[in-house]
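This briefing goes through one protein model by topic. Please have the sequence and the coordinates open while reading.

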Amino acid sequence: MEAYKYVTITCIIAGTIVFILSFLFMTLSYNKTGSGKYNFLSRFPYELNQFKRHNKITAIYVTMMILASLLLLFGLVFYLLYYYNHSILYFICAVIFVAIIAFNLLFFTKLSAYKLHLVLALIFYFSTLLTLVTELFCLTSNNVVVISNPVLNIVVIIITLLFMLIILINPTYKTWNKMVKVDAQTYNRPKYNYLAMLEWGSFLGFIISFFPLIVSLY
């Protein structure tokens with residue numbers, strides 16, 4: 001059983017490092033394209049993806065993304081093997097799994113397909129927030145407990161759903177695809193793009209959500 005704990009920690013840390021390195025390398029590569037420096041406050045995750053067929057560098061970046069995702073998934077599996085008798089952890093890991101899939105799909109979905117992009121962004125945001133909230137009330141150091149305050153959990157989820165609804169019915173989202181280069185036309189984008197900030201903020205929360213799992217092992 002102790003081996004499961006150390007494998008979990010190794011996979012999570014390694015997956016996080018590979019994700020960070022892949023984004024670092026992609027950012028450096030983006031800055032060399034002449035499109036200006038990549039700004040995490042105004043540019044979307046998929047803009048780091050310069051996927052082209054028969055491009056060796058692209059293949060390396062995509063491989064790193066897949067490797068990082070697999071390492072995190074393996075970490076979840078061994079975490080569940082270590083805490084096999086706690087059903088709430090199966091829920092947490094299932095939501096994290098959804099977040100991993102949503103982010104990888106979001107990374108390859110351009111804003112020109114704004115409806116699909118928006119749905120993936122909201123799934124990623126909601127699954128990440130739900131994971132963090134559930135961990136807050138279910139995990140403690142060296143222990144796994146039941147939800148201590150389900151009412152607060154429900155309130156947070158309701159607020160999140162309302163926020164998602166506001167984004168979905170916001171009529172301006174139909175012009176978000178004009179914040180990036182589409183075909184031969186180039187559009188101006190705001191200095192602070194709240195959708196891009198939401199996606200990168202969700203990714204930061206996604207990475208943070210793994211560390212309560214590590215803390216709960218000690």
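In which sense, left-handed or right-handed, does α1 pass α6? The crossing of α1 with α6 is left-handed. The model is a predicted one, and its chain of 218 residues has 45% of them counted as buried.

**Fold**

- The protein is built from seven helices and two strands.
- Along the sequence, these elements follow the order α-α-α-α-β-β-α-α-α.

**Packing of α1 with α6**

- Helix α6 spans residues 194-208, and its axis comes within 11 Å of the axis of α1.
- The two axes cross at roughly 155°.
- Angles over 145 degrees count as roughly antiparallel, and α1 and α6 are therefore roughly antiparallel to each other.

**Packing of α1 with α2**

- Helix α1 covers residues 2-31 and helix α2 covers residues 56-82.
- These two helices pack at an angle of about 160°, and their axes are 8 Å apart.
- That angle makes α1 roughly antiparallel to α2.
- The crossing of α1 with α2 is left-handed.
- The residues in the contact of α1 with α2 comprise 23 nonpolar, seven polar and two charged ones.

**Cysteines**

- There are zero disulfides in the structure.
- A disulfide is a covalent bond between the sulfur atoms of two cysteines.
- Cys-11 has a relative accessibility of 11% and counts as buried, because the limit for buried is under 20%.
- Cys-93 is buried as well, at a relative accessible area of 5%.

**Charged pair**

- Side chains of opposite charge can pair when their charged atoms come close.
- One salt bridge is found in a search of the whole structure.
- Arg-43 forms a salt bridge with Glu-47, and the closest N and O atoms of the pair are 3.7 Å apart.
- The cut-off for a salt bridge is 4 Å, so the distance of 3.7 Å between Arg-43 and Glu-47 qualifies.
- Arg-43 and Glu-47 are both buried.

**Phe-44**

- Phe-44 sits in the loop between α1 and α2.
- With a relative accessibility of 0%, Phe-44 counts as buried.
- Phe-44 and Glu-199 are separated by 155 residues in sequence, while their C-alpha atoms are 7.4 Å apart in space.

**Phe-25**

- Phe-25 belongs to helix α1.
- The relative accessibility of Phe-25 is 36%, so this residue counts as partly exposed.
- From Phe-25 to Leu-48 the separation is 23 residues in sequence and 9.5 Å in space, C-alpha to C-alpha.

**Leu-129**

- Leu-129 is part of helix α4, which runs over residues 114-138.
- A relative accessible area of 24% makes Leu-129 partly exposed.
- Between Leu-129 and Ile-96 there are 10.0 Å in space, C-alpha to C-alpha, and the two are 33 residues apart in sequence.

Notes
Residues are numbered from 1 along each chain as its sequence is written. This is a predicted model: local features need pLDDT of at least 70, side-chain atom pairs count only at pLDDT 80 or more; totals for chains, interfaces and linings use all residues. Side-chain values use heavy atoms; hydrogens and water are left out. Axes are lines fitted to C-alpha atoms, for helices over the stretch in contact, and angles run from 0 to 180 degrees between N-to-C directions. Helices (H or I, at least four residues) and strands (E, at least two) are DSSP runs, numbered from the N terminus. Angles under 35 degrees count as roughly parallel, over 145 as roughly antiparallel, 65 to 115 as roughly perpendicular and the rest as oblique. A crossing is left-handed if the near helix is turned anticlockwise from the far one by less than a right angle, and right-handed if clockwise. Ala, Val, Leu, Ile, Met, Phe, Trp, Tyr, Cys and Pro count as nonpolar, Asp, Glu, Lys and Arg as charged, and the others, Gly among them, as polar. A disulfide is a pair of cysteine sulfur atoms within 2.5 Å. Buried means under 20% relative accessible area, exposed over 50%, partly exposed in between (1.4 Å probe, protein chains only). A salt bridge is a side-chain nitrogen of Lys or Arg within 4 Å of a carboxyl oxygen of Asp or Glu.
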